[in-house]
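Hi everyone, thanks for letting me have a few minutes today.

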Amino acid sequence: MTDFLNTLGIMLYATLIYTAPLLYAALGSCFSEVSGVVNIGIEGMMTAGAFAGTVVAYFTGNPWVGFLCGGLAGAFFGMLHAIATVRLGADQTIAGTAINMLGPGIVIMIGMVVFGSTDSAPLNAAQKIPKLFTGVFDTATAFGRFMDNVFATYASTYLVFLVALLVWFIFYKTRFGLRLRACGEHPQACETLGINVIRMRFLCVCISGFLSGLGGACVTMAISTQFRPISIVGQGFIAIAAVIFGKFRPQGALIGCLLFGFCSGLKVVLGGSSGVNMQLLSMIPYVVTVIVLVLFVGKSHVPSANGKPYIKSK
Amino acid sequence: MRYGKTDRKRFLYGSAARSLVVPLLFLAAILLLGLAGWAYLCPGRAGEKFLVMLQNFISGRTPGERARLLGQTLARTASLCLCALAIALPCRAGMYNLGVAGQYALGAGAALVCALEFRLPWAVCVLAAAALGAVWGALCGALKGGRNVSEALSGLLMNAVALVLCRNKLRSLLSGGGTLGVLSTGPMLPTLGLDGLFGGEPTVTPAIPAAALAAAAVYIVLERTRAGAAVKAAALNAQAPMYPDPGAGRTALMTLTAAGALAGLGAAAQLLSGAGGWSLSRQPAVGMVCAAAAAALLGGMDPFGTLLWAFVLQHLSDGAALADGRGPLLTEAIYAVLVGLGAFAFFIRHAGKKRKEKGGEKP
């Protein structure tokens with residue numbers, strides 16, 4: 001029983017910490033996709049956020065400043081994507097792919113200048129995002145250890161669930177959310193009502209970049225201790241798949257991210273003891289993502305104007 | 001004879017001007033970025049390094065060395081061109097083959113395993129690389145054709161799976177006695193006397209004319225056959241795959257299968273000719289795809305344009321490597337920027353077309 005509780009606790013802990021970056025990025029993707037802009041550049045924005053967050057936290061010693069800067073770096077790349085796709089009407093998939101190539105390229109180049117290596121310097125405990133509820137539970141008992149395993153986790157993990165709630169509120173309970181959804185469904189109708197579709201989409205893609213940047217920073221400042229070029233490998237694409245799985249709704253994306261977080265967490269539980277090849281275990285989230293795409297992509301309600309550049313009528 | 005403002009606009013937005021101006025703008029951008037990069041990397045010797053990058057094989061001391069360096073560039077161009085065609089062909093069908101890194105990696109894995117583990121003849125290695133690349137492309141095609149899963153997203157996810165599979169297999173292959181690092185078969189493909197034309201360079205193989213023939217074949221299929229017309233029709237009607245039309249689904253499947261085979265062939269051409277190796281510590285597929293995407297975008301997805309740009313980009317890459325050890329990193333960064341600019345090139349082309357449709361250019 002004790003072993004079972006221990007394993008379950010570790011499993012839940014791993015699921016939660018791997019869910020957090022995916023959920024930040026998925027919520028960002030929701031903003032962009034629902035407003036009608038395909039954002040396949042989430043991965044590049046996460047990479048920028050991961051690097052900026054680590055560097056700023058390393059030099060300032062303040063993890064929250066680093067975390068915020070991670071978001072801002074993502075927002076900068078989001079702005080580039082918005083300029084290309086919303087302002088200039090460039091192909092959204094190609095522009096996103098360009099962001100995915102530019103993000104890692106630029107941060108690796110800056111990393112070489114700052115650290116003389118593609119890897120950043122490791123963060124110490126004070127520079128990392130703090131853990132909450134450490135020492136709250138009595139670890140002498142099996143149940144206490146279980147609670148400690150599950151809940152003594154990084155603040156960014158708790159924050160993301162609050163952000164998910166906030167995004168849901170914005171989407172479905174505010175005028176901004178209604179306009180945002182309308183821009184993705186029928187931009188011409190929005191324009192006739194005096195809504196500036198270009199501005200709305202531009203803002204949403206920047207918000208998308210900001211949240212993706214936070215997701216990237218979450219990886220390097222909570223799950224690991226330093227930025228490496230392989231820190232962000234596929235998480236952005238998994239987040240997009242979670243959004244498709246969740247039918248382009250924040251609450252659906254949350255469930256999708258929990259599923260993919262669980263798959264990512266499997267390697268923590270199975271990798272240590274079962275002797276299963278770690279490399280093969282790391283493939284599980286991608287394989288599950290492809291299967292989920294096959295099963296759910298046709299059933300998802302894609303916003304009607306998704307992926308279509310909006311040209312303002314004269 | 002005086003030309004008015006309308007005539008100038010007509011010329012600027014005309015297809016002939018776009019075909020000429022856009023590549024020239026990009027060439028200027030590459031040169032500017034290259035100069036800026038060298039100024040940053042080697043402040044005192046930027047001009048000298050930049051000149052070597054531009055000259056590449058011309059900077060060789062003797063005619064023999066120049067011929068040898070040109071041969072090396074052509075050998076690598078063959079691989080780059082095949083990969084670029086693997087991006088350009090689906091693009092003509094309105095699909096983005098972002099899974100080309102995975103197809104290239106699996107092609108490389110198949111070629112290396114057949115050559116190093118099973119000691120099979122080169123022809124079998126080439127076929128295995130093409131077949132595995134094709135299978136990986138076909139999976140994306142089947143998902144697109146059958147379930148309307150975005151080929152861009154499925155391709156990117158399949159890349160992750162392919163790269164892990166490839167690394168896992170090749171690592172186990174190396175543990176048998178090789179050293180961790182670059183895995184190479186050496187020149188395995190027969191040269192058929194072509195090496196004699198390039199100072200005895202052993203990497204000059206029939207893969208070079210084969211790449212040019214592949215570009216010609218893609219052109220002929222696209223422009224002169226019914227299958228090519230179907231491919232281009234799929235691009236014109238983006239909604240086609242949403243309907244249960246077996247024709248549209250089959251077109252997606254066939255196009256991505258062919259693209260996967262081209263990427264696999266590109267990997268075989270690179271590794272079996274000895275023009276390059278496979279580094280386990282650094283994913284060579286990613287750098288290759290970056291350059292291939294740049295070549296395809298700059299070539300306007302035209303097979304011959306792609307071939308030409310593949311040569312130009314490879315020429316500059318090899319020149320940068322000759323100039324300095326950090327050269328390849330610099331050119332990779334430049335090509336990443338170029339892909340970004342390529343999105344704008346697409347925009348420029350389409351903007352011109354839209355303007356033409358609105359009456360900016362009279363037929």
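Going along chain A from the N terminus, the elements run α-α-α-α-α-α-α-α-α-α-α-α-α. That comes to 13 helices and zero strands. Do keep in mind that this is a predicted model.

So, what about overall dimensions? The C-alpha trace of chain A spans about 70 × 45 × 35 Å along its principal axes. For 314 residues, a compact globule would have a radius of gyration near 20 Å, and chain A has 20 Å, so the two agree. Of those 314 residues, 54% count as buried. And if you take the contacts in chain A with a separation of 6 or more, 78% of them come from residues 24 or more positions apart.

Now let's look at one pair of helices. Helix H1 of chain A covers residues 2–35, and helix H5 of chain A covers residues 142–151. How do they pack? Their axes are 8 Å apart, at an angle of about 10°. Angles under 35 degrees count as roughly parallel, and therefore that is what we call H1(A) and H5(A). On the H1(A) side, the residues that meet H5(A) include A:Leu5, A:Leu8 and A:Tyr13; on the H5(A) side, they include A:Phe143, A:Phe146 and A:Val150. By class, this contact has nine nonpolar, four polar and one charged residues.

Next, the place where the chains touch. Chain A puts in 33 residues and chain B puts in 28. Which elements of chain A give two or more residues to that side? They are helices H4, H10, H12 and H13 of chain A. H4(A) gives the most, with nine residues. The chain A side divides into 22 nonpolar, ten polar and one charged.

Let's finish in the core. The largest nonpolar core has 219 residues, and B:Ala111 and B:Ala292 touch the most other members. Helix H4 of chain B, residues 63–92, gives the most to this core, with 17 residues. Setting aside its neighbours within four places in sequence, B:Ala292 is in contact with B:Leu80, B:Cys83, B:Ala84, B:Ile87 and B:Val100.

Is B:Ala285 buried or exposed? The cut-off for buried is 20 or more other C-beta atoms within 10 Å; B:Ala285 has 26, so it is buried. Again leaving out neighbours within four places, its contacts are B:Ala101, B:Tyr104, B:Ala105 and B:Leu163. B:Pro303, 18 residues away in sequence, is 21 Å from B:Ala285, C-alpha to C-alpha.

Methods
Residues numbered from 1 in each chain as written. Chains lettered and ligands numbered in written order. Predicted model: local features only at pLDDT ≥ 70, side-chain atom pairs only at ≥ 80, totals over all residues. Axes fitted to C-alpha atoms, helices over the stretch in contact; angles between N-to-C directions. Helix = DSSP H or I, 4+ residues; strand = E, 2+ residues; numbered from the N terminus. Parallel < 35°, antiparallel > 145°, perpendicular 65-115°, else oblique. Contact = placed C-beta atoms within 7 Å. Nonpolar A, V, L, I, M, F, W, Y, C, P; charged D, E, K, R; others polar. Core = buried A, V, L, I, M, F, W, Y, C linked by C-beta atoms within 7 Å. Buried ≥ 20, exposed ≤ 12 C-beta atoms within 10 Å, placed from the backbone. Rg over C-alpha atoms; globule rule 2.2 N^0.38 Å.
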